[in-house]
Amino acid sequence: MYTYSNSKPLKPTLASDRSKQYKALAIFLALAFVGIKYAASSDNATADVGAGGGKIRSSDKVSHIKTSKDDEWTDMSKEVPNSEQEEDGDKESYDKNDDDDDFGNATVYNKYHIATAPSRNSYSQDDNREGNAAKAPIENARPTSSHHETKFPSLSSLTDGTKVHTDVSWMLDFAITGFAKCGTTWMMNYLRRNGRASGELWVNQGEVHFMRKPEGPAKMVKLMYKTHEADVAEGTKRLYGVKNPAEMEIEGSLGRYAEYFPQTKFIISLRHPVKWFESFFNFRQYHHYPHMVARPTSKLIGECEPGYPYKPKCMTSCPSGKMDVCTVRANFHWALSRLGKTPMKSKAEKALLQHDMSIDPMPNKVFIMEQRQIIYNHPSAQNFTKDVHDFLGLDKPLKELQPYVPPADKYAEFSNKEAVEHLIHICDKEHDDVRKELVKIGKEAAEWITEYFIESDDVVVSSKDEFVKLMEDWGHDPCEKGRRHLLSL
């Protein structure tokens, strides 16, 4: 929703910029007078896909952990088939991506449906945008509608294309982020369809990985600007969001969100580590064939690239041959801890967070979910759509979840039969070792998430008791007799 901050700029406004603003305002009023409306930017606007990110800013130690300041609803499959999706996209090799639960299954969207959410706090930073800018609340950061007609800034007053000049936190309301192969594509499509029906939401089509690089905030501003500008010209008020899986694992990304977009709400989806691993392995293998993910899967136990705790910046060129598929990335709690939402003072908590990634304490609110919560009639999904609705702060209700029957063989429909031959079925005996490691990780992740993370005032979870039950499953091998029902998700 457009709410340009009328607070004092983080840097002095140059006279030349002020002149440009006045000229732009005069042009805008003249066009409005003759009844010409600005064209709304296309919902299909695309974004550059970048890899890697700059180094996080200087950090302090917290025990062993680094810290830093740094219209139709029945056929959900027709929007952005999985085979055309970008997921966790690196410029090097991603052109076909998806992070939904069933790899490559274009009908997967039919089985889910979710909802939206609450008020925001406004933050600004000190004048030093390039340093460790301190966050401070902005008074009256979201002005009344009368401001919309006369106070909308020029793009040049916000950014020169590489650096941000002033407070832009009002430009991005939410980010569908977290982890690949955990349902972010479904969420993007669901909210886009809701947005077209209600007029309350705008979600960029495709993935946005700008925040991985120092110039990312400026690129984000440029991406969002035309939609904001057109909406203001037409008197439209919406919430604005993007999809960007894997941001929790990227060096530098969270620090930039904390600095430039501290109001942005995060929607983060999780998945049983064993099912996540199978889906992610197959995704990489299918879409990058004939490049092969290292086999046997026991070679994927541990870090993706030795000595680098973040998501690797390489893909098919990774020296290890793992193509960034490894068990360490299943430590979802390690990545979540980087948000700085828990005390991290007790020995018990620290023992669960034995990683060397930076911690970026940030005010951003978080909606956390387990993928099974978007399944029609699942006990944990009873209040899901309403809770997401409340989290985002929407007026109109979101559509309810829809029933879905998964195909008997989700691999059968894929066109590249040679690549399909190299996909894995995680319950096969050859994967016993990697499953054992993933279950161990899952048990620790579930413990930290349920005992520490969801207890934060900044974290929202739907049907908490049911969510905890889902997390308890993470400590068990879904391939064991009596637990095969977990494999459907």
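Start by selecting strand β8, residues 265-270. Here, 6 of the 6 residues are buried, so β8 is largely enclosed by the rest of the structure. Buried means under 20% relative accessible area, exposed over 50%, and partly exposed in between, using a 1.4 Å probe and protein chains only. Strands (E, at least two residues) and helices (H or I, at least four) are DSSP runs, numbered from the N terminus.

A quick note before you go on: this is a predicted model, in which local features need pLDDT of at least 70 and side-chain atom pairs count only at pLDDT 80 or more, while totals for chains, interfaces and linings use all residues. Residues are numbered from 1 along each chain as its sequence is written, and side-chain values use heavy atoms, with hydrogens and water left out.

**Around β8**

Now show the side chains of β8. Lys 265, Ile 267 and Ser 269 point one way, Phe 266, Ile 268 and Leu 270 point the other way, and all are buried.

Which strands pair with β8? Strand β5 (residues 174-177) runs parallel to β8 and is joined to it by 4 bridges; look for Phe 174 opposite Lys 265. Strand β10 (residues 366-370) also pairs with β8 in the parallel sense, over 5 bridges, and there Ile 268 stands opposite Ile 368. Two strands count as paired if DSSP finds at least two bridges between them.

**The whole sheet**

Zoom out and colour the strands in the order β6-β7-β5-β8-β10-β11: they form an open sheet of 6 strands with parallel pairing. The edge strands, β6 (201-207) and β11 (459-461), each pair on one side only. From one strand to the next, the twist averages 20°.

Leaving aside neighbours within four places in sequence, Leu 201 is in contact (heavy atoms within 4.5 Å) with residues including Phe 174, Leu 239 and Leu 392.

**The nonpolar cores**

Next, select Met 220, Tyr 257, Phe 266, Ile 268, Leu 270 and Ile 368: of the 78 residues in the largest nonpolar core, these touch the most other members. Such a core is a set of buried Ala, Val, Leu, Ile, Met, Phe, Trp, Tyr and Cys residues joined through side-chain atoms within 4.5 Å. Helix α12 (residues 432-451) gives the largest share of this core, 8 residues. A second, separate core of 22 residues includes Tyr 190, Ile 374, Phe 391 and Leu 394.

Centre on Phe 266 to see some of its neighbours. Not counting residues up to four places away in sequence, those it touches include Ala 175, Met 248, Leu 339 and Phe 391.

**Just past β8**

Select His 272, in the loop between β8 and α7 (273-288). Is His 272 buried or exposed? At 5% relative accessibility, His 272 counts as buried. Its side chain reaches the backbone oxygen of His 476 at 3.0 Å. Beyond neighbours within four places in sequence, contacts of His 272 also include Glu 370, Asp 473 and Trp 474.

**Colour by confidence**

Finally, colour by pLDDT, the predictor's confidence in each residue from 0 to 100. The mean for the protein chain is 76, and 66% of its residues reach 70 or more. Over residues 2-20 the pLDDT is below 50, and over residues 89-150 it stays under 50.

Conventions: Axes fitted to C-alpha atoms, helices over the stretch in contact; angles between N-to-C directions. Polar contact = N/O pair within 3.5 Å; in protein donor to acceptor, adjacent residues only side chain to side chain.
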